[in-house]
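Subject: Handing over a structure, with notes

Dear colleague,

I am passing this structure on to you, and I would be grateful if you could look through it with the notes that follow. Please keep the view open while you read.

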Amino acid sequence: MDAFSTESFTTAWAAVTGWLFETLVQPAFYALGLMDWAEDAYDWLDFGLFGLLGIAVVYLVCRPLEAWRPVEPVADRRAIRTDMVYTFLARLGLLPLIAFVLLASLQSRWEGWLTETGLLPPTLEEIFPPLRHSALLAFAVYVVVLDFGEYWRHRAQHGFRWWWALHAIHHAQRQMTFWTDDRNHILDDVLAALWFGGIALLIGVPPGQFPLILLLLRLAESLSHANVRLDYGRIGERLVVSPRFHRLHHGVLSAGAMGKNYAVLLPVWDWIFGTADWNRAAYPRTGAPGTDEAMATGGWLRQQWAGFRRMALALAGR
Amino acid sequence: MRHLPAALSLALLLAGPARANLIYVLNSADASISLIDSTTREEVRRIPVLREVHHLLLTPDRSELMVGDSGGNELIFIDPATAEVKRRERFSNPYHMEYSPDGRYLVVTSLRRDQVDIYDAPTRTLLTRLRVGDKPSHLAYSPDSRMVYVTLQGARKLLAIDLAERKPVWSAEVGSQPAGVIWNRGRLIVGIMGSDHISVVNPADGKLERTIYLGRGTHTIFPSPDGQTLYATSRVDSRISVLDAATLEVKARWDIPGGPDCIAFDPDGKLWVTLRWVARIAVVDPATGVAETIPVGRSPHGIFVQPRREPLPPLPNAALPPRPAGQPAVEPEDLAPVPAAAQAAPAGAPTPVQPAVVVRPAEPVPAPAEPGRWWQRWMAR
């Protein structure tokens, strides 16, 4: 990522978002009497467009790979279309907007409360001053900390019965492709946002000033679900989660609390906590045996309902 | 002595057109401050900040530039002449902030926390924290420093606070989503962002005396350095309106795409304007309204002009690109007038986000390191 490409990308991006905002979004907000939300709308437009770009990039990289060396033939296109609905809802739709509005006001209230009590929330750069002078290094540290948080959230999703009831939707997919990354129960998404947002509040996550890197991170996560026979080699497998590494996590024998390979981005956490499986020859069938069939093959709404039902049963001890 | 006339004319030539003013631009969505050289129109340095910088001002003794990082809860103090970061201070949510004309108070509005903080200016000790209505945005003082006036964006109101009593005196409805406010010749002028005008308000009782149409999304107002002219920005119609400060008559309207927001003036009277939605700033000639744009970081907000005779020297030990071999230490092109091609393009050109001249910003350069090892500074905190 040299300086020139970063700069051209940033300039082109600013031109496109600026034009859209001035021509469509701001006049609409003005007409609705919501001008005091204009700056937030500008941020959200950035987010939504970035989501769209993210889907395009992921598609352009993963689709050819899936065509090149599929793990299994595509037998159920309908199941993939359901995953596409999840992806568009999560990356462009209402869900991020709700999370954004909720967490932004939650954050200002939290910080307001802290200042009232004479405290100010810290940031990692204040705790470790060298990070101030290298924004890139600071960003890398944030990614590591948040990824560590994600590892333990994932362990909890498998460990608590009521949480597994929701997360089983993600695992029920027998036709796993790169679209499966965002296949989550809506309540599971809310819990994830609160978890991630909570850690972010504690360490003061920086604003998204690294769009290209964020794009790469999302790409790595989508790619790990892709229907492709691909590993990153003896050393690479220990650095970044590969399609091989994550498919093993989705294997039928790995469902529920018996899981392996929980890491989202950095396999080092599985390595440290003894949950890694490095067998590079294994590409098991995916799915979550024992869950409702609706979770595997139902449409978006049916899957959501099945998730709520199962969670209620789990909480009731049945 | 034979060479004196030649030397003198050379000195005049160098001193005359070569005002390399330094422009500070706060990139609110990029966590950075861009430094622009006014002659080359290029970004010469980028200072990283923690989170979200919005407004900046000179300290009362004019020795330091104080930048508020509202998202990072920090004030950054910069030597305006050298752009060196002198120190940083933990500070609660500094959004819009101004020193009172007598230098006694520092008032800070906290847009997201619905509070107005009154500080003792020299020590920055919090005197009072007032819980106010929805979204306190901008503020202005009476010239005698007895009152401060705050717009409440979410409550359609202007709030007057007595600084001696540190209590609200009146609040009055002034229009939909009021944003900027200034004191002008015994009256308060408020930008009505949810509508298309400025409101003229009597500071004694908050009575709305008149409204003047400017354009949709009228945001804030800046007086010219000589006080004769007011410039008001409108975000939705994306324009700057030029008003006579005495009569409030509109003398000109300049359409400048990109969402003009804050304005600073250079010694020649040119306007430096942040364009909020297109990651650029505009340089506007007040005689013609013609604008030229320069790329900066995302969502540029606050802006400040530091007059300088010479360009900012490179940072010692900074990672600047090496100078080509044989080039003198003082680069003659730094002092040359801006080439004709780099002069302004007409404002309101059909392709709003295209600059007249594509000026590539320099590589971001890290801020100079503070003296001592980091752990020593950390221990000393």
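Predicted model: local features only at pLDDT ≥ 70, side-chain atom pairs only at ≥ 80, totals over all residues.

In chain B, where is confidence lowest, and where is it highest? In chain B the lowest confidence falls in helix α2 (residues 332-335) of chain B, with a mean pLDDT of 30, whereas the highest is found in strand β17 (residues 187-192) of chain B, at 98. Over residues 317-381 of chain B the pLDDT is below 50, and this stretch makes 90 contacts in the model beyond near neighbours in sequence. Residues 8-16 of chain B also have a pLDDT below 50, and there the model shows three contacts beyond near neighbours in sequence. For chain B as a whole, the average pLDDT is 82, and 78% of the residues score at least 70.

Strand β17 of chain B is also where Leu188(B) has its place. Leu188(B) has a relative accessibility of 0% and therefore counts as buried. If residues up to four places away in sequence are set aside, Leu188(B) touches Tyr149(B), Leu158(B), Trp170(B), Val181(B), Ile182(B), Trp183(B), Ser199(B), Val200(B), Val201(B) and Pro203(B). As for Ala204(B), it is 16 residues away from Leu188(B) in sequence, and the two are 9.9 Å apart in space from C-alpha to C-alpha.

Two loop residues of chain B deserve a look at their backbone. Most residues other than glycine have a negative phi. Asn93(B), which is not a glycine, has a positive phi of about 40°, and it lies in the loop between β7 (84-90) and β8 (96-99) of chain B. Gln177(B), likewise a residue other than glycine, has a positive phi near 50°, and its place is in the loop between β15 (167-173) and β16 (178-184) of chain B. Asn93(B) counts as buried because its relative accessibility is 9%, and Gln177(B) counts as buried because its relative accessibility is 8%.

Turning to chain A, you will find 14 helices and zero strands, so that reading along the sequence gives α-α-α-α-α-α-α-α-α-α-α-α-α-α. Of the 318 residues in chain A, 50% are buried. Among the contacts in chain A with a separation of 6 or more, 72% are between residues 24 or more positions apart.

Two packed helices are described by the angle between their axes and the distance between the axes. Helix α7 (residues 161-172) of chain A packs against helix α8 (residues 186-203) of chain A at an angle of about 115°, and their axes are 9 Å apart; α7(A) and α8(A) are therefore roughly perpendicular to each other. Where they meet, α7(A) contributes Trp162(A), Trp163(A), Leu166(A) and His167(A), and α8(A) contributes Leu187(A), Asp188(A), Leu191(A) and Trp195(A). By class, this contact of α7(A) with α8(A) has six nonpolar, one polar and one charged residues.

Finally, a word on the cysteines. A disulfide is a covalent bond between the sulfur atoms of two cysteines. Over all chains the structure holds zero disulfides. Cys62(A) is buried, with a relative accessible area of 0%, and Cys262(B) counts as buried at 7% relative accessibility.

With best regards

Definitions and conventions
Residues numbered from 1 in each chain as written. Chains lettered and ligands numbered in written order. Heavy atoms only, no water. Axes fitted to C-alpha atoms, helices over the stretch in contact; angles between N-to-C directions. Helix = DSSP H or I, 4+ residues; strand = E, 2+ residues; numbered from the N terminus. Parallel < 35°, antiparallel > 145°, perpendicular 65-115°, else oblique. Contact = heavy atoms within 4.5 Å. Nonpolar A, V, L, I, M, F, W, Y, C, P; charged D, E, K, R; others polar. pLDDT = per-residue confidence, 0-100. Disulfide = S-S within 2.5 Å. Buried < 20%, exposed > 50% of the residue type's maximum accessible area, 1.4 Å probe, protein only.
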